[in-house]
Amino acid sequence: LKQRDRRENGDLGDELLQALSDIPAPTPFQRSGPTLILGSPETAEDAVSAVLHALRQRHWVVGLGVGSLHEPVPRDAQYLQGSALGHAQTAVDRAEHTGDRVPLSVVGPDMQLAGETEAVLRLLGQIVATRSIAEWAVLDLLTPGVRGQQKHVATELGISAQAVSKAVVRSAWVEEWAARPAAARLLKWIDAPGAVP
């Protein structure tokens, strides 16, 4: 993860690190230089969450490297070694120079699958990055897969249940969470030759 507009917006690293602090990771997300943040999420699902957290903030170039890491995986990012790290560095460089609205690149051993994964994550990233502050106020109080929580959120925010429902629909929140498993499955296949059905 690389901040792309540090001169204009100042250092936003601590803000992103706070957002990523709950994501399970053998190597927790941490600074790796003045504009870089590096980490190794525990699962593909955790990697998808990390990507979407970064894209939500709209100030980060996201490079996702898929591959192996030397065991034991260190807690300190400066000691990370393996193909995943090299792929991540390539991915950040690619994402930084594409000029796309969603600055994201996925690199791994199967570049066709990496490209397909990148496309799905970019669609999800576009959804996440274009949400309003008001929509996030609602969505941050919701738990995926739990029914009957919109009234509680409405009460907590002092708005109508109808306003909560409209925010959920307008933000494509249900669609995002329905698509996350597909993105995670594609990530797993990139590094698993012969696993694709």
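The model is predicted, so local features need pLDDT of at least 70, side-chain atom pairs count only at pLDDT 80 or more, and totals for chains, interfaces and linings use all residues. Residues are numbered from 1 along each chain as its sequence is written, and side-chain values use heavy atoms, with hydrogens and water left out.

Three strands form an open sheet in the order 1-4-5, with mixed pairing; strands (E, at least two residues) and helices (H or I, at least four) are DSSP runs numbered from the N terminus, and two strands pair if DSSP finds at least two bridges between them. Strand 1 (2-3) and strand 5 (104-107) are the edges, each with a single partner strand, so one side of each has no neighbour in the sheet. Strand 1 runs antiparallel to strand 4 (residues 60-65), and two bridges join them. Gln3 has Trp60 of strand 4 as its bridge partner.

Now look at helix 3, which lies across strand 4 and strand 5 and runs at about 165° to strand 4. Angles run from 0 to 180 degrees between N-to-C directions, and axes are lines fitted to C-alpha atoms, for helices over the stretch in contact. Contact means heavy atoms within 4.5 Å.

Helix 3 (residues 44-56) also meets helix 2 (residues 13-20): their axes come within 10 Å and cross at roughly 145°. Leu16, Ala19 and Leu20 of helix 2 make the contact with Ala50, His53 and Ala54 of helix 3. By class, five of these residues are nonpolar, one is polar and none is charged; Ala, Val, Leu, Ile, Met, Phe, Trp, Tyr, Cys and Pro count as nonpolar, Asp, Glu, Lys and Arg as charged, and the others, Gly among them, as polar.

Arg131 lies over the face of Trp136, 5.0 Å from the ring centre, and Arg180 lies over the face of Trp177, at 3.8 Å from the ring centre. The rule here asks for NZ of Lys or CZ of Arg within 6 Å of the ring centre and within 35 degrees of the ring normal.

Finally, turn to the backbone. Most residues other than glycine have a negative phi, and most peptide bonds are trans. Arg58, in the loop between helix 3 and strand 4, has a positive phi of about 65° although it is not a glycine. Glu71 and Pro72 are joined by a cis peptide bond, with omega about -10°. Pro72 sits in the loop between strand 4 and helix 4 (83-98).
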